[in-house]
Amino acid sequence: MKKKNYNSLEEINTELHLLSIQREIHLEELKLTKHQLKEDLTPANWINTALKGIKKYGVLMLLRKMIK
């Protein structure tokens, strides 16, 4: 990180306020990611994903039989 020179206390306070807001934004993004991960790992989502895969496989097998 580049060393920054400040000319007044106001500049320092402004920079600290900006960094504080950025920190809050990053924390909220982490919370959102955690929530999305929890949703993705629920058994209902596993079943839904498995069913989608089975459907695709079934359609492919049906197409193969129709082509032969």
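Below are a few stops to select in turn, keeping in mind that this is a predicted model.

**Stop 1: helix 2.** Select residues 43-67, which make up helix 2. The helix has 25 residues and spans 36 Å from its first C-alpha to its last, close to the 36 Å expected at 1.5 Å a residue.

**Stop 2: the nonpolar patch.** Keep the surface on and pick Leu37, Leu41, Trp46, Ile47, Leu51 and Ile54, which together make a nonpolar surface patch of about 650 Å². Helix 2 supplies the largest share of the patch, four residues. Click on Ile47, which lies in helix 2: its relative accessible area is 53%, so this residue is exposed.

**Stop 3: the salt bridges.** Hide the surface and show side chains. The whole structure holds two salt bridges.

- Start with Glu15 and Lys4, whose side chains meet at 3.2 Å, N to O. Glu15 sits in helix 1 (residues 9-40) and Lys4 in the segment before helix 1, so this pair ties together parts 11 residues apart in sequence. Lys4 is partly exposed, at 49% relative accessibility.
- Next, select Lys31 and Glu28, with their closest N and O atoms 3.3 Å apart. Both are in helix 1, three residues apart, or about one turn of the helix.

Note on methods
Residues numbered from 1 in each chain as written. Predicted model: local features only at pLDDT ≥ 70, side-chain atom pairs only at ≥ 80, totals over all residues. Heavy atoms only, no water. Helix = DSSP H or I, 4+ residues; strand = E, 2+ residues; numbered from the N terminus. Expected span 1.5 Å × (residues − 1). Patch = residues over 30% accessible without salt bridge, like charges linked within 9 Å, V, L, I, M, F, W, Y side chains within 5 Å. Areas by Shrake-Rupley, 256 points an atom, 1.4 Å probe, with all protein chains shown as cover. Salt bridge = Lys/Arg side-chain N within 4 Å of Asp/Glu carboxyl O. Buried < 20%, exposed > 50% of the residue type's maximum accessible area, 1.4 Å probe, protein only.
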